[in-house]
Amino acid sequence: MKLKDETLGMGLGLLGVAFFAVTLPMTRLATGTHDAPQLSPWFVTLARAALAGCLSVIFLLATRSPLPQRRHWKPLGMAVLGNAIGFPLLLGYALRVVTASHAAVITALLPLVTAAVAAWVLHQRARLGFWVCAVAGSALVVAFSVLRAHQGGSGFGFEWADLLLVGAVFAASIGYIYGAQVTPALGAERVICWVCVLALPVSLPGALWLWPQHAVAASAWGGLLYVGVFSMWAGFFAWYRGLVLGGALRVSQTQLLQPFLSILAAVPLLGEALDGVTLAFAAAVVLTVVIGKQFSRPPTPPNPGGRAISPVR
């Protein structure tokens with residue numbers, strides 16, 4: 001893998017994470033809370049997939065994209081289950097019960113789970129130092145999220161909503177990696193487009209069937225529009241390409257920055273103040289990502305003609 005490709009991959013991964021970082025507060029805006037509900041989690045899940053699916057149809061037709069081959073359907077189907085249905089549905093229901101800061105405690109484990117899934121599915125390997133940095137970075141994110149939860153007075157304790165969040169983490173990880181598996185053949189843009197198109201037979205009629213009959217706040221519609229266009233569609237253009245160019249094990253660790261980018265987004269959206277503790281934790285997490293990136297390169301095989309561990313070319 002060329003250094004230029006690695007750098008570009010990390011940059012695209014960061015761009016995708018920046019898009020995804022706003023997903024959590026926007027989803028909460030769309031669904032509301034248990035006491036003040038807006039759009040139902042089922043409707044948000046189906047409507048955002050339907051919106052992204054319609055955009056995908058336009059893109060695929062405009063680029064005259066060929067149909068995926070038979071061997072591509074299974075990974076695409078897994079990405080549908082993970083990214084189009086599993087993650088947004090479980091997250092939407094959980095956010096009606098727990099606060100965004102509480103949810104961040106659980107979803108902070110996403111980079112480590114994604115890296116583990118990458119090692120299992122894509123047969124990628126990394127040195128021990130990478131896993132030490134991954135665990136250290138995840139621990140920093142969890143510690144920060146717990147601190148924020150306590151500062152907000154919500155505390156931290158496991159409840160049934162935490163199981164939904166754990167399920168969302170695994171669903172997203174599986175969707176990410178199976179999508180990355182077919183990206184070299186289909187292209188990053190076409191992968192997410194085919195994922196959204198495959199979901200259309202369910203998402204579009206389901207969204208129309210569940211269309212809300214009650215008054216909904218404009219902010220909720222705005223949240224839905226964001227998660228449909230950016231979280232479900234445009235963000236994956238950058239994310240899948242980054243996973244392929246930079247390597248899934250390496251680029252997945254940029255997700256460690258996601259909680260902090262979410263906090264930055266919350267400044268204009270929710271009026272929250274940025275404090276020194278946030279900046280200190282962010283700097284520490286960035287350091288683990290940088291160090292982990294160095295350890296993520298496997299030792300050079302003794303046989304130059306041997307098969308590369310990473311599928312990226």
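View 1. A49 touches A84, C196, S203 and M232, not counting residues up to four places away in sequence; contact denotes heavy atoms within 4.5 Å. The model is predicted: local features need pLDDT of at least 70, side-chain atom pairs count only at pLDDT 80 or more, and totals for chains, interfaces and linings use all residues. Residues are numbered from 1 along each chain as its sequence is written, and side-chain values use heavy atoms, with hydrogens and water left out. A49 belongs to helix α3, which covers residues 41-62; helices (H or I, at least four residues) and strands (E, at least two) are DSSP runs numbered from the N terminus. The relative accessible area of A49 is 3%, so this residue is buried. Buried stands for under 20% relative accessible area, exposed for over 50%, and partly exposed for values in between (1.4 Å probe, protein chains only). A separation of 9.6 Å is found between the C-alpha atoms of A49 and V80, which are 31 residues apart along the chain.

**View 2. T288 in helix α13.** Helix α13 spans residues 276-295 and includes T288. T288 counts as buried because its relative accessibility is 11%. Its side chain reaches the backbone oxygen of V285 at 2.6 Å. Leaving aside neighbours within four places in sequence, T288 is in contact with C133, G137, L140 and L256.

View 3. Helix α2 (residues 23-31) is mostly covered, with seven of its nine residues buried. These buried residues are T23, L24, P25, M26, T27, A30 and T31. L29 is also found in α2, but it counts as partly exposed because its relative accessibility is 29%. Not counting residues up to four places away in sequence, L29 touches Q38, S219 and A220. L29 and L224 are 195 residues apart in sequence, and their C-alpha atoms lie 8.1 Å apart in space. G32 follows α2 and has a positive phi, near 75°.

**View 4. A nonpolar surface patch including W209.** W42, Y93, W209 and L210 form a nonpolar patch on the surface, and together they have about 480 Å² of accessible area. Patches are made of residues with over 30% relative accessible area and no salt bridge, where like charges are joined within 9 Å and nonpolar side chains (Val, Leu, Ile, Met, Phe, Trp, Tyr) within 5 Å. A salt bridge is a side-chain nitrogen of Lys or Arg within 4 Å of a carboxyl oxygen of Asp or Glu. Accessible areas come from the Shrake-Rupley method with a 1.4 Å probe, and for residues only the protein chains shown count as cover. W209 is located in helix α9, residues 188-209. With a relative accessible area of 75%, W209 is therefore exposed.

**View 5. Annotated segments and the whole chain.** An unreviewed UniProt entry places the feature "transmembrane region" at several segments, among them residues 42-63 and 75-95; annotations may be inferred rather than shown by experiment. Residues 42-63 are 95% helix and 0% strand, with end C-alpha atoms 31 Å apart. Residues 75-95 are 100% helix and 0% strand, with end C-alpha atoms 28 Å apart. The chain contains 13 helices and zero strands. Of its 313 residues, 53% count as buried. The accessible surface of the chain comes to about 14200 Å², of which 71% belongs to carbon and sulfur atoms.

Terms used: A polar contact is a pair of N or O atoms within 3.5 Å; within protein, one must be able to donate a hydrogen and the other to accept it, and residues adjacent in sequence count only if both atoms are side-chain atoms.
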